[in-house]
Amino acid sequence: MSKFSRRDFVKIVGSTAAATAIGLPAFTAAAGSKKVVIVGGGTAGATAAKYIKRADSSVDVTVIEPNKDYYTCYLSNEVLGGGRKMESIRFGYDGLKGHGVNVVHDMVTAIDPAAKKVTTAGGDTFDYDRCIVAPGISLRYDTIEGYSKEAAEIMPHAWKAGAQTALLRKQLEAMPDGGTVVMAPPPNPFRCPPGPYERACQIGMYLKANKPKSKILIIDAKAKFSKQKLFMQAFEKHYAGMIEWQSVEAAGGVKSVDGAAMTVTTGNGDTIKGDVINIIPAQHAGTIAKTAGLTDDSGWCPIDGKTFESTIHKGIHVIGDAAIQAPLPKSGYAANSEAKVTAAAVVALLNGKDPGDPSWVNTCYSIVGPDDAISVAMVYNLVDGKVAKVDGSGGLTPMDSSPSDRAREVQYAYSWFNNITSDIFG
Amino acid sequence: MFRRKTVAALLGTGLMLGATALSAAPTGQMLADTCAGCHGTDGGSTGPATPSIAGNAAVYIVDAMKAYQSGDRHSTIMGRIAKGYTDEELEAMAEVIASWPIHETSQQVDADKVAMGAEIYEDACTKCHDEKGSLADDEAGILYSQWLPWLNYSIEDFKAGHREMPKKMRKAIEKLSDEQIEAANQFFAGQPQK
């Protein structure tokens, strides 16, 4: 037996098993036109579209997304730090179109779960057999006095990447040496839990190299935060005397802002002037989720753990940051993972099959200094119908991991970015 | 040797079909698709460092994951992730990964080093990493066209004792200078040669 045929034998057995396992309709011809409409073409929505097509190309998949370009929130902090160009976090929809997905650039204004119809601002309606809603987050302008959509043009949140990221970067570039950057991270739950603290590190890297007399003051709405010990270690190691974190227990968080005076006032009543002020406000599910009645009192969307189908409206699945997916975090990796599980479930349901048991992963890197990155990872499964952490899995980069491992984690962070974005948009 | 591999392959298939019939566990496809965020769609990494996993022997993937679980194989993050899976899940996942075609990268390599590495490869590596490191049945990991930083990390870990080196490899490595090892890595990374 030649080496070639041995290898082929294993490959054929392997691929046959894989096709059988997922119940791929390898032999089902065009089964009519089962329609899936996906509201939102971000990480979750775009991944779901691609993976539905991969599993069953006969499904008619339409993604409705207002923007022609998508800027990833992940690694946008490195744009703020100056280590990365905006262009490198911009992605388009040619990849999805290449997979046979219909991409419509419009804004969904209504979803009718009874009639199974989606309506857009452009006046079009789309019928669906199953709908996937992935609108990400909306920023709340009702929790900090003086903060508003207009004020965000002066004190950017930069929590949806793109113009806001560019604006904050411009402000950092214009800031004098010796200036103060005030950052206000939001209360839980919010998109990208380690994001604000990685941002402090990235801004710190820029300031240390260019404006070393400057300060970063983090006035937090929380008493603790993601990867806290590792971030505090990084603040001390790389940015001693530059980054200061104030717990809500110490300062009371930011209660109000004044855009004209460029000041924030804390819960304790202190008014602080900033040269650059980054307010990351509290968040809810993206606006359309609320409009469509998919949110509960928390402002987020309750879902069934197995399929992420809304527990409010049948036939609509909510994935990504908008869903109540805890213990999964509101992260890019989790959104990508949720989308694949839901894509498989949607294909199974459309073909009259039982969705299999899900498995999710989250991996999240934060680049905290030159050649220094930290990570958190976890595997999740379904227990009693709910998303659960797999016991014994996951956890953080060890506090005492070697400099060479920290440097490797930077390279793995970049690899993560390249691979996940090509998995989503490629 | 061949019999063991065949049994392993058939055993893996049987487990997967069993799992499908009972619908009591995530499918191999479901499990393997979660790898893409770091290792690329269908296990083909876009780099710059994370290795492609596509096309590895299922046995190799399972062994690697178990070594990550126990800590016998050093890692930054894989140990934490590997601990999330049962043996059956690892086998189901590995069968799918094994079915993916080997990924070809295009990366910058030093042509002189690749040429030097080709000779070293023929002398020292080919017995266990046949067909330029692309033969899955060697169960020695696909080295063909892997990202250079990862190949270098792997050698660093072997040499530091952070990962157990098979006897044959230890003997081969002992005879090579750092420069020669780097050249061999460049040879693997530089596949397919243009």
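I am working on a predicted model.

**Entry 1: A:Ser33**

I looked up A:Ser33 against those runs. A:Ser33 sits in the loop that links helix H1 (3-22) to strand E1 (35-39) of chain A. I then checked its cover. Its relative accessibility is 44%, so I put A:Ser33 down as partly exposed. I also took a distance to A:Gly95, which is 62 residues away along the chain. The C-alpha atoms of A:Ser33 and A:Gly95 are 22 Å apart.

**Entry 2: chain A overall**

I counted 11 helices and 23 strands in chain A. The radius of gyration of chain A is 23 Å, close to the 22 Å from the globule rule for 426 residues, so chain A is as compact as a globular protein of that length. The C-alpha trace spans about 65 × 60 × 40 Å along its principal axes. I find 57% of the 426 residues of chain A buried. Among contacts in chain A with a separation of 6 or more, 64% come from residues 24 or more positions apart. The accessible surface of chain A is about 16200 Å², and carbon and sulfur atoms hold 53% of that. For charge, I compared the mean positions of the 45 positive and 43 negative charges of chain A; they lie 5 Å apart.

**Entry 3: A:Lys50**

Which side chain of opposite charge is nearest to A:Lys50? I find A:Asp423, at 4.4 Å. I listed what A:Lys50 touches, leaving out residues up to four places away in sequence. The list holds A:Leu96, A:His99, A:Ser422, A:Asp423, A:Ile424, A:Gly426 and B:Thr41.

**Entry 4: B:Thr50**

I moved to chain B. B:Thr50 lies in the loop between helix H3 (36-39) and helix H4 (58-70) of chain B. Is B:Thr50 buried or exposed? At 5% relative accessibility, B:Thr50 counts as buried. Beyond residues up to four places away in sequence, B:Thr50 touches residues of chain A, including A:Tyr412, A:Ser415 and A:Asn419. On chain B, its contacts include B:Cys38, B:His39, B:Ser45 and B:Trp147.

**Entry 5: salt bridges**

I searched the whole structure and got 21 salt bridges over all chains. I followed up some of them.

A:Asp94 pairs with A:Lys97, with the closest N and O atoms 3.9 Å apart. Both lie in helix H4 (residues 94-98) of chain A, three residues apart, about one turn of the helix. A:Asp94 is exposed at 63%, and A:Lys97 is partly exposed at 43%.

A:Arg408 forms a salt bridge with B:Glu156, at 3.1 Å between the closest N and O atoms. A:Arg408 is in helix H11 (residues 403-425) of chain A and B:Glu156 in helix H9 (residues 148-159) of chain B, so this pair joins two chains. A:Arg408 is buried at 5% relative accessibility, whereas B:Glu156 is partly exposed at 43%.

B:Lys66 and B:Asp87 meet at 3.6 Å, N to O. B:Lys66 is in helix H4 of chain B and B:Asp87 in helix H6 (residues 87-99), so the pair ties together parts 21 residues apart in sequence. B:Lys66 is partly exposed at 31%, and B:Asp87 is partly exposed at 36%.

Last, I noted a network: salt bridges with shared partners join A:Asp69, A:Glu87 and A:Arg90.

Terms used
Residues numbered from 1 in each chain as written. Chains lettered and ligands numbered in written order. Predicted model: local features only at pLDDT ≥ 70, side-chain atom pairs only at ≥ 80, totals over all residues. Heavy atoms only, no water. Helix = DSSP H or I, 4+ residues; strand = E, 2+ residues; numbered from the N terminus. Rg over C-alpha atoms; globule rule 2.2 N^0.38 Å. Buried < 20%, exposed > 50% of the residue type's maximum accessible area, 1.4 Å probe, protein only. Contact = heavy atoms within 4.5 Å. Areas by Shrake-Rupley, 256 points an atom, 1.4 Å probe, with all protein chains shown as cover. Lys, Arg positive; Asp, Glu negative; His and termini not counted. Charge placed at Lys NZ, Arg CZ, Asp CG, Glu CD. Salt bridge = Lys/Arg side-chain N within 4 Å of Asp/Glu carboxyl O.
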